[in-house]
Amino acid sequence: MSRADAASLPPPSRIARLPPALAALLAHLPGLLIAALLLAGAPALPPLVLALLVGVIAAGLAVYWRLPPWWRAINLAFVPLLWLGLAADLDPRWYLAGFALLALTSLGAVRTRVPLYLSSARAAEELARRLPANGHLLDLGCGLGGPLARVARLRPDARLEGVEAAPLNWLFARLRLLGRAEVRLGSLWNTDLSRCDLLYAYLSPAPMARLWEKARAEMKPGSLFVSNSFTVPGVSFDEVVELDDLSGARLFIRRMG
Ligand SMILES: C[S@@+](CC[C@H](N)C(=O)[O-])C[C@H]1O[C@@H](n2cnc3c(N)ncnc32)[C@H](O)[C@@H]1O
C-alpha cells in the first residue's frame, strides 16, 4: 500500500478511541438487553443460543465501530465461552491457574495498556526482508521472542535485541534466544534507540504518540520505524503492508529522515 493509500485509511470511530475494556463492554450491552428480554418472554430458550446471540451482536458492533480486528473474535467468543465455562463446572483451581498465568504475562498491561499478543510469522519475514546487511533489529516489547527467533533463522547476519517488561515473557524469550539475541528485562522507555537500523513495535494505540516522539529524537536517519497494527496520530507512513494473516494485521513503515 502506498503513502496515499495509508492516508486514506478510515479514522478510528469514537467508540474505538475509548479504553478497549469500555468499548468491549458497550458492544455487549445491546445483546445482553435483547437476551434478557427474550429470556423473559420465552424462558425455555437454551442459554447457549442466547450466549451465541450476545456474541454475534457484540462482534457485529465491533465491526460497525471499526474496533481492531481481534475484538471481533473476542466479542464473538467471550459470552459463549463464559457460559460454557460455568456450565462445565470446572475445578476453581483452573481459574486460579489461568489468572496466575495471565498476571505473570500481562499484569503490567493494566499500567502500560499493552497486553501480550504475538506477531505472525509473516510479520517477522517482512522484518527480515527489510533489515539491511548486518543490520541491528530492536523489538520493543519483545514478548515471547517470536519475531526475533524467526529473524535469527532467516538472517544469520543480523544483530538482534529485545526489551520486555513482563518477567515471565522476558525469561521465556531470553532462554529461547540464548546466544542469538540480547534480551533485556526492562522498559522500552529506558531503551536507547540510536543504534538500531530497524525498530519493531507491536504494542497498542496507547503509547504510539509518545513512542513516535522518542523515535524521532533518537533514531538515526535512514533507519526504519515499523509498527504492527497501530499507527501514530497525525503521522503518514511510507508503506503499509497487509500481512494477509489470520489477524488481518498491517505493518506501518516509515523511514526516519
Ligand atoms: C503485543 S506484545 C508483542 C510481543 C512481540 N513483540 C511479538 O510481536 O510477538 C507487546 C509486549 O510488549 C510488552 N510491553 C508493554 N509495555 C512495555 C514497556 N513499557 N516496556 C517493555 N515491554 C513492554 C508486553 O509485556 C508484551 O509482551
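**Salt bridges, phi angles and cysteines**

Author: In this predicted model, a salt bridge joins the side chains of Glu218 and Lys214, at 2.9 Å from N to O.

Reader: Why is the contact of Glu218 and Lys214 called a salt bridge?

Author: The term needs a side-chain nitrogen of Lys or Arg within 4 Å of a carboxyl oxygen of Asp or Glu. Lys214 and Glu218 come to 2.9 Å, N to O, so the pair meets the definition. Side chains of opposite charge can pair when their charged atoms come close.

Reader: Where do Glu218 and Lys214 sit in helix α10?

Author: Four residues apart, which is about one helical turn. Helices here are DSSP runs of H or I, at least four residues long, and strands are runs of E, at least two; both are numbered from the N terminus.

Reader: What makes Lys214 buried and Glu218 partly exposed?

Author: Buried means under 20% relative accessible area, exposed means over 50%, and partly exposed lies in between (1.4 Å probe, protein chains only). Lys214 has 11%, so it is buried. Glu218 has 26%, so it is partly exposed.

Reader: What about Glu213 and Arg216 in helix α10?

Author: They are three residues apart, about one turn of the helix. Their side chains form a salt bridge at 3.7 Å, N to O. That value is within the cut-off, so the name holds. Arg216 is exposed at 52%, whereas Glu213 is partly exposed at 44%.

Reader: How many salt bridges does a search of the whole structure find?

Author: Twelve. Shared partners link Arg122, Glu126, Arg129, Arg130 and Glu239 into one network.

Reader: What makes the phi of Arg66 worth a remark?

Author: Phi of Arg66 is positive, about 55°, and the residue is not a glycine. Most residues other than glycine have a negative phi, and most peptide bonds are trans. Arg66 lies in the loop between α3 (47-64) and α4 (69-88). Its relative accessibility is 39%, so it counts as partly exposed.

Reader: What is the phi of Asn134, and where is Asn134 found?

Author: Phi is near 55°, again positive in a residue other than glycine. Asn134 is in the loop between α7 and β1 (136-140).

Reader: How do you know how many disulfides the structure holds?

Author: A disulfide is a pair of cysteine sulfur atoms within 2.5 Å. The sulfur closest to that of Cys142 belongs to Cys196, at 14 Å, too far for a bond. Cys196 is likewise in no disulfide; its nearest cysteine sulfur is that of Cys142. The count is zero.

Reader: Are Cys142 and Cys196 buried or exposed?

Author: Buried. Cys142 has 3% relative accessibility and Cys196 has 1%. Each value is under 20%, so the word applies.

Reader: What rules apply to numbering and to the predicted model?

Author: Residues are numbered from 1 along each chain as its sequence is written, and side-chain values use heavy atoms, with hydrogens and water left out. Local features need pLDDT of at least 70, side-chain atom pairs count only at pLDDT 80 or more, and totals for chains, interfaces and linings use all residues.
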